[in-house]
Amino acid sequence: MGGFIVAVDLGGTQIRTALCREDGTIIKRISDLTRAAEGLDAVLDRLIGSVYAVLPDRVEDVEAIGVAAPGPLDPRTGVVISAGNLPGWTNVPLKNILEREFGVPAYAGNDANVAALAEQRFGAGQGIHDLVYITVSTGIGGGIIVDDRMVLGSRGLAAEVGHQIVFPDGPRCTCGGKGCLEAISSGPAIAAYAVERINAGEPSVLTAMVDGDLNRITARLVNEAAQAGDALAQQAFHRAGFYLGLGIISLMHILNPAIFILGGSVALHSGNLLWEPMHKVIRERAMSPLYWEHTPIVPAALGDDVGLLGALALVLAERGTV
């Protein structure tokens with residue numbers, strides 16, 4: 001065996017694929033636009049083509065393929081049950097498709113779940129056996145590690161931390177529910193709140209930043225306005241951080257992990273705008289200081305490679321080498 005593993009990070013915007021060694025070294029990588037609107041078959045063809053593109057000279061040196069994919073996904077069967085940002089991806093047997101094509105074991109896991117594995121093995125959670133990983137970006141996802149194992153649930157659908165209901169009868173979520181953490185603290189939710197307040201008559205430099213076209217307001221622009229001192233933009237992030245803190249408190253009380261790791265563009269680029277109100281509400285409302293005094297909340301360490309390294313870590317976990 002040559003020790004190579006092919007890792008694929010299948011996203012709604014890009015397909016990232018890499019040839020890796022078990023220690024996390026990336027030998028070769030490529031990235032292609034997903035072009036999800038072209039449908040299931042076209043995206044599958046691009047995914048398979050990307051795997052061929054990174055194969056070593058001796059194909060037999062590849063031991064396995066791992067895929068980090070959007071969910072819901074059944075990690076035991078490798079079937080993508082549905083993927084909101086990939087039209088046509090309903091009950092897709094991704095594991096079987098890859099095994100038939102390449103003749104090696106293949107594994108598929110929810111992208112946020114396997115990101116937790118990646119951070120534990122290669123990133124901010126090294127040496128820690130119990131952790132919670134939360135990504136705050138376009139959506140809010142998560143992964144939970146207990147005793148070095150992913151928490152998957154009876155059907156592999158566990159760890160949807162972004163769909164805790166933290167604000168009953170709150171904003172509508174992309175999942176169809178109301179008041180989910182994702183509907184309040186994700187990037188689009190922060191932008192939507194700013195637009196709502198501007199439409200209600202509150203002043204903000206954001207209006208001038210987008211030349212009056214409020215549809216152009218994004219979390220990145222709200223962040224820029226907040227960093228420049230705009231009160232409405234700062235309130236949008238304060239609100240998001242407050243509810244993110246409430247969600248973390250629930251996870252603290254239920255799981256008592258050793259560490260929380262926060263990833264995603266919103267969490268990593270907003271600084272104290274998000275983190276200060278998050279820490280404040282945790283200190284004020286957790287049942288006891290025992291839950292937070294010795295439980296650090298730290299930034300994720302792996303950046304854009306977290307999906308690739310998550311796919312690699314999934315293979316290692318399935319083979320019992322984590």
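1. Helices (H or I, at least four residues) and strands (E, at least two) are DSSP runs, numbered from the N terminus. By that count, the protein has 11 helices and 13 strands. Its radius of gyration is 20 Å, close to the 20 Å that the globule rule gives for 322 residues, so the protein is as compact as a globular protein of that length. Here the radius is taken over C-alpha atoms, and the rule is 2.2 Å times the number of residues to the power 0.38.

2. A word on where this comes from: this is a predicted model, in which local features need pLDDT of at least 70 and side-chain atom pairs count only at pLDDT 80 or more, while totals for chains, interfaces and linings use all residues. Residues are numbered from 1 along each chain as its sequence is written, and side-chain values use heavy atoms, with hydrogens and water left out.

3. Now the overall picture. Along the principal axes, the C-alpha atoms fill a box of roughly 65 × 45 × 30 Å. Of the 322 residues, 54% count as buried, meaning under 20% relative accessible area, with exposed being over 50% and partly exposed in between (1.4 Å probe, protein chains only). Among contacts (heavy atoms within 4.5 Å) with a separation of 6 or more, 61% come from residues 24 or more positions apart.

4. Have a look at R46, in helix 1 (residues 40-54). R46 is buried, at a relative accessible area of 14%. Its side chain reaches the backbone oxygen of T34 at 3.1 Å. Beyond its neighbours within four places in sequence, R46 is in contact with residues including I15, L33 and T34. R46 is also linked with D32, R35 and E38 in a network of salt bridges; a salt bridge is a side-chain nitrogen of Lys or Arg within 4 Å of a carboxyl oxygen of Asp or Glu.

5. E182, in helix 4 (residues 182-185), is another story. E182 is buried yet has no salt bridge, and the nearest side chain of opposite charge, R172, is 12 Å away. For charge, Lys and Arg count as positive and Asp and Glu as negative; His and the chain ends are not counted.

6. A search of the whole structure finds 15 salt bridges. One of them joins E99 to K95, with the closest N and O atoms 2.9 Å apart. Both sit in helix 2 (residues 94-102), 4 residues apart, about one turn of the helix. E99 is partly exposed at 25%, whereas K95 counts as buried at 19%. E224 and R220 also meet in a salt bridge, at 2.7 Å from N to O. They are 4 residues apart in helix 7, about one helical turn; E224 is partly exposed at 38% and R220 exposed at 54%.

7. How far apart are the end C-alpha atoms of helix 11 (residues 306-318)? They are 18 Å apart, which agrees with the 18 Å that its 13 residues should span at 1.5 Å a residue, the expected span being 1.5 Å times one less than the number of residues. Helix 11 is mostly covered, with 11 of its 13 residues buried, and G320, which follows, has a positive phi near 75°. In helix 5 (residues 187-199) the end C-alpha atoms are 19 Å apart. Its buried residues include Y193 and I198, and the cover over the buried residues of helix 5 includes helix 4 and helix 8 (231-255).

Notes. Polar contact = N/O pair within 3.5 Å; in protein donor to acceptor, adjacent residues only side chain to side chain.
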